[in-house]
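Keep the 3D view open and click on each residue as we get to it.

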Amino acid sequence: MQNKRQISADRIVIKVGTSTLIRQNSQINLPVIKKLAYVLSTLKKNGKDVVLVSSGAIGVGMGVLNIDQRPIKISKQQAVAAVGQAELMQIYNEAFHEYGMSVAQILITRDIIDYPESHTNVMNSFQELLSMDNTIPIVNENDTVTVSELDHHTKFGDNDQLSAIVTNLVDADLLIMLSDIDGFYSANPLKVSDATLIDTIKQIDPEIIAAAGGHGTKYGTGGMTTKLKAAELILKHNQQMILTNGKDPEIIFNLLAGDPIGTLFSKNI
Ligand SMILES: Nc1ncnc2c1ncn2[C@@H]1O[C@H](COP(=O)(O)OP(=O)(O)O)[C@@H](O)[C@H]1O
Ligand SMILES: N[C@@H](CCC(=O)OP(=O)(O)O)C(=O)O
């Protein structure tokens, strides 16, 4: 049995990817969402500050509109995301209400860090929301305005880096990234059968970058490349990130208790 990790986190950002929220048959994974609501509500009631960064707008929108393949055209993706986001928040709203929590929708773009006024406004909103007892902020990228062709030099659809930006912004201690895989492996396990799980990563060096392959399901977008970019941001700010499987969100309790699950990205190991 491996040693326990030293995890001390009062303010936590949890990022959940589309591949965790949507099943392969395009159905929303309601049990996961309900469990997520239970776990995050419990943490909040126990005095933790909690922010959820949730993908899934496009995935949920595809289900609502009965579309089987993610559209190629950006404007179509934006339209699907706009439909899905409303549905997704309704589902979260119901799930969190079961535990006496309200949800707050925050739609932002990654370039808020480049615009001091936007940066301050977003930070102020977060501080107010985090000071409320029964409210969980749920963040997604503002898919309607985030297009690379626009003046904003961002690329459409990457909540991995967005979640790291949010973690920096609210000065959280820990980012928990929930995906469809147990952690970061020596190679993409979908392609390399004997790939091994890496327990801890102190820095994102070329060897680690070379181990990152593409995305897993038809719903996932960034794969490990964007998760490593997120980890780089986290390490730069001396914060910690754990990448793990989101199929049972109760794993978050174990992570916070220091159980060596998934991959921990931290300078101080
Ligand atoms: N080195 C690696 N370790 C683990 N997973 C990897 C690696 N390289 C590529 N992957 C792929 O990344 C996928 C997760 O990313 P993605 O599909 O974007 O999910 P999410 O929706 O959670 O963001 C995994 O299913 C896996 O196939
Ligand atoms: N903002 C978009 C995309 C997001 C995205 O980064 O997806 P994922 O790789 O599943 O975390 C959505 O909600 O569908």
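## Around Ser 55

If we skip neighbours within four places in sequence, Ser 55 is in contact with Val 16, Gly 17, Thr 18, Leu 21, Asn 140 and Asn 159. Here "in contact" means that two C-beta atoms, placed from the backbone, lie within 7 Å. Ser 55 is in the loop between β2 (49–54) and α3 (57–64). Those labels are DSSP runs numbered from the N terminus: helices are H or I with at least four residues, strands are E with at least two. Is Ser 55 buried or exposed? Ser 55 is buried, because 30 other C-beta atoms sit within 10 Å. The cut-offs work like this: 20 or more other C-beta atoms within 10 Å of a residue's own is buried, 12 or fewer is exposed, and in between is partly exposed, with C-beta atoms placed from the backbone.

A quick word on what you're looking at: this is a predicted model, where local features need pLDDT of at least 70, side-chain atom pairs count only at pLDDT 80 or more, and totals for chains, interfaces and linings use all residues. Residues are numbered from 1 along each chain as its sequence is written, while chains are lettered from A and ligands numbered from 1 in the order in which they are written.

An unreviewed UniProt entry lists Ser 55, Asp 143 and Asn 159 under "binding site". They span 105 residues in sequence, but no two of their C-alpha atoms are more than 10.6 Å apart, so they gather at one spot. UniProt positions use the numbering here, with feature names shortened, and annotations may be inferred rather than shown by experiment.

Now find Asp 143, in the loop between β4 (135–141) and α6 (159–169). Asp 143 is buried too, with 23 other C-beta atoms within 10 Å.

## More listed positions

The unreviewed UniProt entry also puts "binding site" on other residues, including Lys 15, Ser 179, Asp 180 and Thr 226. Ser 179 is in strand β5 (residues 174–179) and is buried, with 27 other C-beta atoms within 10 Å. Leaving out neighbours within four places in sequence, the contacts of Ser 179 are Gly 17, Ser 19, Thr 20, Leu 243, Asn 245 and Gly 246.

Thr 226 is in helix α8 (residues 223–236). With 23 C-beta neighbours inside 10 Å, Thr 226 counts as buried. Not counting residues up to four places away in sequence, Thr 226 touches Asp 158, Asp 160 and Gln 161.

(The expected span is 1.5 Å times one less than the number of residues.) Among the buried residues of α4 are Gln 77, Ala 81, Leu 88 and Phe 96. What covers the buried residues of α4 includes α2 (30–45), β2, α3, β3 (102–108) and β4.

How do α2 and α4 pack? Their angle is about 50 degrees, with axes 9 Å apart. That makes α2 oblique to α4. (Under 35 degrees is roughly parallel, over 145 roughly antiparallel, 65 to 115 roughly perpendicular, and the rest oblique; axes are lines fitted to C-alpha atoms, for helices over the stretch in contact, and angles run from 0 to 180 degrees between N-to-C directions.) Where they meet, Ile 33, Lys 34, Ala 37 and Ser 41 in α2 face Ile 91, Tyr 92, Ala 95 and Phe 96 in α4.
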